[in-house]
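Please work through the exercises below with the sequence and the model in view, and try each task before reading its solution.

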Amino acid sequence: MGVFCSIVPPHVLDRLARSSDPSVSAAARRTLEHDARQRTRRRLATAIGPSGATAVSARPADQPDRTVYDARHQDTLPGRRLRAEGTPPIADTSANRAYDGLGATFETYLRAYGRHSVDGRGLPLTASVHYQEDYNNAFWNGEQMVFGDGDGRVFLDFTIPVDVIGHELTHGVTQYTANLDYQGQSGALNESVSDVFGSLVKQYSLGQTAAQADWLIGAGLLAPGIHGKALRSMAAPGTAYDDPHLGKDPQPATMDGYVSGSADEGGVHINSGIPNHAFYLVATALGGHAWEQAGQIWYDVLTGGSLRADADFAHFAAATEAAARARYGEGAQLQAVRAAWSTVGVAPAAAPASGLPRQNPGEQTQEA
Amino acid sequence: MRIEVVRSGGFTAVPRQAAVETADHPEGARLAALAEAALASPAAPDAPAAPDGFRYTVTAGGRTLHCAEPHLTPQQRELIHRVLGEGA
């Protein structure tokens, strides 16, 4: 069973295991049991030495290299170092959540796709918490993660949802791979890819199947009293929130609701609902763990080198069909991908997207 | 002088907009000076903005500035924070 979970703090799992939601409690119990087995296995490995004991010098480590800093409510990054890799939890819960979330994201990419960190070559993961005051945002600045505490009135601490951390680090992965232009449809794809893998980080961490997952982005981030479940819903775009402080979730699920305009780089956080929903449809049609087949297809497209930086939805759809065929042949996977894009109203481009890839170098060339 | 700040983007993508008239504002002189400084010096206009970094459009005295996180000058950050009443 592909459950990872030693990164999710045991006290959280304990709480989840007592959840009134049977799918949540069952997954958490499985994880706790899995964790216990893993600890046993690690002790055995320590005692008898690594299997196939070979030291490959150029190979990146299978462990993350995390450092969490305190921005001390200023805008200077990274700030004061709070917690380094391998050190125990500290009093600052934001720092611990960031540390755990970086680890959960690293583990998901490594175990599901064999990817070593954001750049595929073991890039150290850096995060700063307590950025500015009452700051309602989290972002990847091209080199590191930045988290605000939220204002406590509308938004809580941005380190709370692990999918937010996975979302932001995936912006880093995209930067090192498909490098999708952050505007218009390619920008909406950039955003969607971050939501997809952000959600997969959460699902992998909890050991959830596509049917068990909540498919929400930012669950747990809205302050008490705010009317909403999360910021985005991949299962039902446009239904995540409806509140006087926030307005109504503006995401469309299909091309009928596509929004144009100049704000938000052409609505990259709005139109991402369309490819988000396509991924959800593929994952739930195939069933099982979403990171295994649906996620693999999307990962192949993101990192495969054929996607143009200015790819639109039609290019991306064609690329997912090509990736599904390349990996799984003319089977259920390809059918699910075709049906999903049809449902959201995207007609795949006639020829697979190719030419002019603007990928950053180094992605596929390690371990030379 | 009328100063308007419009925010888009950010992880939450919740838009925000606010405006002040400096003549009616207790700190009008300070805001007007900040606006002059903010519009005079775009910070790293060619640097790539962070994905999920807030995007701002600041309009003051008929002039318009587009800027994005994390490339804000201290004056831009303070002006946006004061007008919007929220972290910038």
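## Exercise 1: a residue in a helix

A:V337 lies in helix 10 of chain A, where helices (H or I, at least four residues) and strands (E, at least two) are DSSP runs, numbered from the N terminus. This is a predicted model, in which local features need pLDDT of at least 70 and side-chain atom pairs count only at pLDDT 80 or more, whereas totals for chains, interfaces and linings use all residues. Residues are numbered from 1 along each chain as its sequence is written, chains are lettered from A and ligands numbered from 1 in the order in which they are written, and side-chain values use heavy atoms, with hydrogens and water left out.

Task: determine whether A:V337 is buried or exposed, and list what A:V337 touches beyond residues up to four places away in sequence.

Solution. Begin with accessibility, for which buried means under 20% relative accessible area, exposed over 50%, and partly exposed in between (1.4 Å probe, protein chains only). A:V337 has a relative accessible area of 0%, so A:V337 is buried. Next come the contacts, that is, heavy atoms within 4.5 Å: not counting residues up to four places away in sequence, A:V337 touches A:V282, A:I297, A:T320, A:E321 and A:A324. Finally, the C-alpha atoms of A:V337 and A:L281 are separated by 8.1 Å, although these residues are 56 apart along the chain.

## Exercise 2: an enclosed helix

Task: find how many residues of helix 8 (residues 294–303) of chain A are buried, and which helices the buried residues pack against.

Solution. Counting along helix 8 of chain A gives ten buried residues of ten, so this helix is largely enclosed by the rest of the structure. The buried residues of helix 8 pack against helix 3 (93–113), helix 4, helix 5 (184–206), helix 7 (273–286), helix 9 (313–328) and helix 10 (332–343) of chain A. After helix 8 comes A:G305, whose phi is positive, near 95°. As a background to this count, chain A has ten helices and nine strands, and 52% of its 368 residues count as buried.

## Exercise 3: the annotated positions

Take A:E168 to begin with, which is found in helix 4 (residues 162–176) of chain A and is buried, with a relative accessible area of 0%. Leaving aside neighbours within four places in sequence, its contacts include A:W140, A:M145, B:F11, B:P51 and B:D52.

Beyond its neighbours within four places, A:H269 is in contact with residues of both chains, among them A:Y182, A:R232, B:G10, B:F11 and B:D52. A polar contact (a pair of N or O atoms within 3.5 Å; within protein, one must be able to donate a hydrogen and the other to accept it, and residues adjacent in sequence count only if both atoms are side-chain atoms) of 3.3 Å joins the side chains of A:H269 and A:E191.

## Exercise 4: the interface

Task: describe how chain B meets chain A, starting from the residues in contact and ending with the salt bridges.

Solution. On the side of chain B, 20 residues are in contact with 30 residues of chain A. The two chains bury about 2,000 Å² between them, 55% of it on carbon and sulfur atoms, where buried area is the accessible area (1.4 Å probe) that two parts lose on being put together, summed over both. B:F11, B:P51 and B:D52 supply 35% of the area that chain B buries against chain A, more than any other three residues.

Two salt bridges are counted between the chains, each being a side-chain nitrogen of Lys or Arg within 4 Å of a carboxyl oxygen of Asp or Glu. One of the salt bridges joins the side chains of B:R77 and A:D75 (2.6 Å, N to O).
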